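Trainee: I am new to this structure and would be grateful for a guided introduction. May I put some questions to you while we look at it?

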Amino acid sequence: MQKLWTTFVKDARLSYQGIYFYMEIGMAIMFVLVMLFAVPENFDRTQTFYALVEIEALKGELSELVVDGGDYQVELVDSRPALEQALAANRSAAGIHVRLEGQRPVLDLVLQGHESESMKALLRSTFEGAMASQLPGYVNRTTVVSLESTPARLSDRVNILPIYLVINVAFMGLFIIAAYVFLDKEEGVIKAFAVAPVQVWHYLVSKIMIMALMAVVVSTIVVISLVGFRINYPLLILVILTFNVFGSVLGLLITSFFDSMTKAMGALFFTIFVLMFGGFSYFMPWFSPAWIRLLPSYPMIFSFRELLLEQGDVAYVLRNVGLFMALSLLLFIYTNYRFKKTLTV
Amino acid sequence: MIKVQGLYHSYTHTDVYAVKNVSFEIAPGEIFGFLGPSGAGKSTTQGVMTGLLPLQQGAVQVAGYDMRLRQRELFNKIGVSFEQSNVYSKLTALENLEFYGKLFDVPTLDPMSLLHLVGLNEVARNKAGTFSKGMKHRLTFVRSMLNNPAIWFLDEPTTGLDPAISRKIIEIVKGKNAEGTTVFLTTHNMQVADELCDRIAFIIDGEIKLIDSPRNLKLQFGEKIVVVDHRVDDTTKREQFSLVKPDDMARLQTLLQTGKIEMMHTKEATLEEIFIQVTGRGLL
């Protein structure tokens, strides 16, 4: 263990004199500044509707939508040209025109053109419902049931954090550890290390420890800055360490197949590109096919999300920690075997 | 101390070999020179002997360790000085030596004394990245001495060094050898090989062409000729006399009796001439 410690101290000394450490810190500070000063706690999602209502009795009902939904705002206009002018000025708004055809009320949706079919159907139902509620004997029997066990949601600002943490903790580690190894190869110091009475795993674990230290420092700074002290930090550090070790071992394994950064670049980019798909399901929960859920990035992102939620699912997080620890160990055994064969070849 | 038997190595894992059927033995305390031009197979052979390259075919034993098993303990007994300097440029000279010193399981030499030995004591606390090529080379050289190795692998130890420093390095190697260190010297510098080596091997195209001591090689390949500068009237005349032809021997004897000889020396072949004679190729 003394040799591992010696190697780690040397690597730490080299790291803090190198560019990557400061790049990580710089990127973290930039991220925190952007999140705190450029990104609001929650984005304004209020949907504006311009309504031209020619039936006097419905005017009040439509205006109440603002109060009930909270996310709607209806502004009444007095003519069709005024409606179209308002829509042209606000491209995220939609318009309705309620008129009488004989004795029957008719609803025209006036849209921008970029709305999806589902959005059109939703708008039609909303306003038809509003008009139906004016019929005698109408009773609203609709109930809402949510299947998600923890319906709590993160603020928009914190919601980006799981993606940042996975990129910073796992993906960047994968890339930087490869850079460190190739730098050693380029300087030739790897050969000098190879003719010293140390084990290959000393070399690999030392690099992994450096990456883990950097990930814990940088990620903790970011999380404290954006979330404060309300979350379980010991668990957060455990998760960061576990996921970072996995990313580093994956990076080392890829590195073992190449002899220069230039040659390894393609494989590293491809791996990061594939892992990014986990983020799609995070931002679009309705799109989570099995192949995306099998990617390591998927449980990583959702573990961070659970950690950041006030009532997060700790059991889910711990299950993933165990899973990644086991995966990392298996991967490391193979990586160590690969490096023994290829360290100086 | 070192035993290499039927060594083959291919970088492409095909029947294109960088070294072919290389065999030799090195006795304890011997300085063995491995001579050949670039690409001849010197570094490949040393790479296998130092564990930097895997042993594919053949048998290699270094200090009693079978290189097929690649046991790490071996590295407590050997030292390797590389042709290309390979030190941590962001660490100081002293930090470089201190780091490697802590990796050994055997007592190591004092880093400052080693730096002093090669004239780097004044810059011990300067980062190696600021060093000239020669200074880095000296640092790489003394790093290989840290564990006071029983077997010392030296790859072009004087390349790129000025004559004074080269002389210093040669004296250090002689000194360690006098203490009992076995030396495996890879070089294309024939003067260094001639001065240091007990035996030398010529390697070309991955094959050893010849192994012998420099003295035996000179006796075997050198011409048996004496060159004599002598006075004739008021001028100096240079003549060559064969030591095997009776006429020449008689004339030389006559000349010796006249007492007019100013200078006289045998004409030995240099190792470089012998190398060309044996392999049909130059060293560069």
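Trainee: In what order do the strands of the open sheet of chain B follow one another?

Mentor: Please keep in mind that this is a predicted model. The open sheet in chain B is built of six strands with mixed pairing. Their order is 6-7-8-3-9-10.

Trainee: Which strands of chain B stand at the edges of this sheet?

Mentor: An edge strand has a single partner strand, so one side of it is left without a neighbour in the sheet. In chain B this applies to strand 6 (78–81) and strand 10 (207–212).

Trainee: In which sense do strand 3 and strand 9 of chain B pair?

Mentor: Strands of a sheet pair through backbone hydrogen bonds, either parallel or antiparallel. Four bridges link strand 3 (residues 31–35) of chain B with strand 9 (residues 199–204) of chain B, and G33(B) stands opposite I200(B). The sense of this pairing is parallel.

Trainee: How are helix 9 and helix 10 of chain A oriented to each other, roughly parallel or oblique?

Mentor: The axes of helix 9 (residues 200–227) and helix 10 (residues 233–255) of chain A lie 9 Å apart, at an angle of about 135 degrees. Angles over 145 degrees would count as roughly antiparallel and those from 65 to 115 as roughly perpendicular. Helix 9 and helix 10 of chain A are therefore oblique.

Trainee: How many residues of chain B are in contact with chain A?

Mentor: On the side of chain A, 20 residues take part. For chain B, the number is 25 residues.

Note on methods:
Residues are numbered from 1 along each chain as its sequence is written. Chains are lettered from A and ligands numbered from 1 in the order in which they are written. This is a predicted model: local features need pLDDT of at least 70, side-chain atom pairs count only at pLDDT 80 or more; totals for chains, interfaces and linings use all residues. Two residues are in contact if their C-beta atoms, placed from the backbone, lie within 7 Å. Axes are lines fitted to C-alpha atoms, for helices over the stretch in contact, and angles run from 0 to 180 degrees between N-to-C directions. Helices (H or I, at least four residues) and strands (E, at least two) are DSSP runs, numbered from the N terminus. Angles under 35 degrees count as roughly parallel, over 145 as roughly antiparallel, 65 to 115 as roughly perpendicular and the rest as oblique. Two strands pair if DSSP finds at least two bridges between them.
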